[in-house]
Amino acid sequence: MKIAVEGCCHGELDKIYETIEYLEKKEAVKVDLLLCCGDFQAVRNEGDMKCMAVPAKYRTMQTFYKYYSGEKKAPVLTIFIGGNHEASNHLQELPYGGWVAPNIYYLGYAGVVRYKGIRIGGLSGIFKSHDYRKGHHEFPPYNPETLRSVYHIRNIEVFKLRQIQMPMDIFMSHDWPQGIYHYGNTGDLLRKKKFLRQEVETNTLGSPAAKELLAHLQPSYWFSAHLHVKFAAVMQHPPKDKAAPRVTKFLSLDKCLPYREFLQIVDIPDRPSSSEGLEYDPEWVAILKATNSLQMTTPQRWNPPENNGLHERWDFRASEADMMQVVEDLSGELDIPDNFSRTVPPYDPDNPQPYASPSYNTNPQTTELCAKFGLTDIYSKAGQRGDDMGVSQSSTGGEEDDEENESTDEPSEYPTDTSGLSSSFNPDEITIEDEWEEEEEGGESKVMEKADLSSDIQTPSRLVLPEPKSSVTPSLHSSLMNLPPPSHSTPKAAPAQSEASQEGHCDGVDEEEVPAARILKRSSNEGDKTGNGSTTPRIKRRNQIIYQAKDDDESDG
């Protein structure tokens, strides 16, 4: 099965699907599934845009609304997690996951599903210690604080995922597991992202919650995004009991921009499955049912139950009987129903509504799921609690998005003994498009030459995964690292598409090699002016807290 993995989506669905279509034609392959690692931006209308934590000038409609309205349908089944630039009010409607558009599925705050026998899990959001122990209390309209806290990971979701016992094939997180950068080419990472050096050297970069899950779940693949850079690593885990040690192949990808490594195709063997569609995972549903009473919708801090004599129950792992009960509840039909329904009017380009307010709606998918499995709609509960208490959150939008208002380093409150924490800063505000703002200085300009798609083919350097930081036999090591060289390509734009008058940039691989994984870079003449004189997009850094070195990323393309 060929799975396309994409980094930060930022609403660029048209361009991502065009790139996949181009690759399928070029390589005569068929992509079965697309995985997006956050910052998906499922923006349905102008009200949703006000629920995204981005500077106002980056609140653009992009192309998701076309798939939500039915104007287009995703050509390949798409599964995604949330990041830190999302239409949060939309995703909150689906706390346990659901369809945001036909053929596009959101995994929820945390979730596990099955596709063709492959087990896929994910954790939405990013880690921030000061919100980690709180309940999911946010609801729209958000204030400047809840606009950001709404996408912060909560310990209840991590606790649920830690109850999983069965093997995981693929896991997704938006920010990286803390410490994973030590298992790859760290030097190359720091050449591309110089501002990460201090956090890498102090081992404070990334999410300690994801680090704990990586150690517990030990999936075959772990995909991430957030830092806008391609980075691969191989981690061999200590053996559990008498079982052979498991190995995780980690890959983080860039955002969908010209000349960036944002897409990779991975080959994963099929497994026998009862269905060709998306299925519920019985173990995960059993865990959701068992932990339902632990969920909170208040900002009060909460610690998960432990075996310390203070809790009646602390083990919420699913037994075989629990899983069989889930199958019985579903009458043996594990298929996730195609029950997408619109809860707000979609954006209409012919009738824009710039003053639309953020919507707060319950979603029929969540209502149906909760009734089926005896779960609580925590989004509905949070809103009802706000109404009962007379809680009012001021309308979102505008000045609260200024980068000057960002939180800085804070002491960690991560409540586990496996985190090995120190003060950590997660680069929360690597904002969309922040590296591609054009600026003209003193008439300086560069001409962007056209590259013919059928010629000027370059061969990239081979993708070499680093040795894991564990002892492993040479024969095993060579088989673990058998990822072939990437090829870089981009679709040539259709003449009728206004934004997609793209210029080809195609890097091929040696014809003697048959790659199982390929990297896609998108090229574009965004910023070209009519005629021969065109300006080259210049990198402009606005967040000086994060981007301390000027033009440190110019070599990313």
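Visitor: Which helix gives the largest share of the lining of the largest cavity?

Guide: That is helix H12, with six residues of the lining. Keep in mind that we are looking at a predicted model. Strand S4 (98-101), strand S6 (110-115), H10 and helix H12 (364-373) each supply at least two residues of this lining.

Visitor: How many cavities of 30 Å³ or more does a search of the whole structure find?

Guide: It finds eight. Helix H4 (residues 88-92) gives the most to its lining, with three residues. By class, this lining has six nonpolar, eight polar and three charged residues.

Visitor: Let us turn to charged pairs. Why is the pair of glutamate 212 and arginine 162 called a salt bridge?

Guide: The rule asks for a side-chain nitrogen of Lys or Arg within 4 Å of a carboxyl oxygen of Asp or Glu. For glutamate 212 and arginine 162, the N to O distance is 2.9 Å. That value is within 4 Å, so the pair counts as a salt bridge. In general, side chains of opposite charge can pair when their charged atoms come close.

Visitor: What parts does the pair of glutamate 212 and arginine 162 tie together?

Guide: Glutamate 212 lies in helix H9 (residues 208-217), while arginine 162 is in the loop between helix H6 (155-161) and S8, so the pair ties together parts that are 50 residues apart in sequence.

Visitor: How do you know whether glutamate 212 is buried or exposed?

Guide: Buried means under 20% relative accessible area. Glutamate 212 has 8%, so it is buried.

Visitor: What about glutamate 201 and arginine 197: why do they count as a salt bridge?

Guide: Their N to O distance is 3.5 Å, so they also pass the 4 Å rule. Being four residues apart in helix H8 (residues 197-201), they are separated by about one helical turn. Glutamate 201 has a relative accessible area of 58%, which is over 50%, so it is called exposed. Arginine 197, at 40%, is partly exposed.

Visitor: How many salt bridges does the rule give?

Guide: The count comes to 26. One of them joins arginine 317 and aspartate 315, with the closest N and O atoms 2.7 Å apart. Elsewhere, salt bridges that share partners join Arg114, Arg119, Asp281 and Glu283 into one network.

Visitor: Where is aspartate 315 found?

Guide: Aspartate 315 is in the loop between H10 and H11. Aspartate 315 and glutamine 163 are 152 residues apart in sequence, yet their C-alpha atoms are 7.7 Å apart in space.

Visitor: What makes threonine 297 a buried residue?

Guide: Its relative accessible area is 5%, which is under 20%, so threonine 297 is buried. Threonine 297 sits in the loop between helix H10 (282-291) and helix H11 (320-329). Leaving aside neighbours within four places in sequence, its contacts are His136, His137, Ile378, Lys381, Ala382 and Arg385.

Visitor: Last, the strands. Why are S8 and S9 said to pair?

Guide: Pairing needs at least two bridges, and three join strand S8 (residues 170-173) to S9, so they pair. The two run parallel, and isoleucine 170 stands opposite tyrosine 221. S9 also runs parallel to strand S11 (residues 247-252), with four bridges between them. There, serine 224 stands opposite serine 252.

Visitor: Which way do the residues of S9 point?

Guide: Tyr221 and Phe223 point one way, Trp222 and Ser224 the other, and all are buried.

Technical notes:
Residues numbered from 1 in each chain as written. Predicted model: local features only at pLDDT ≥ 70, side-chain atom pairs only at ≥ 80, totals over all residues. Heavy atoms only, no water. Buried < 20%, exposed > 50% of the residue type's maximum accessible area, 1.4 Å probe, protein only. Contact = heavy atoms within 4.5 Å. 1 Å grid on protein atoms, 1.4 Å probe; cavity = no way out; pocket = protein on both sides within 12 Å on 5 of 7 lines; lining within 4 Å. Points joined across faces, edges and corners; volume = space filled by probe spheres on them. Nonpolar A, V, L, I, M, F, W, Y, C, P; charged D, E, K, R; others polar.
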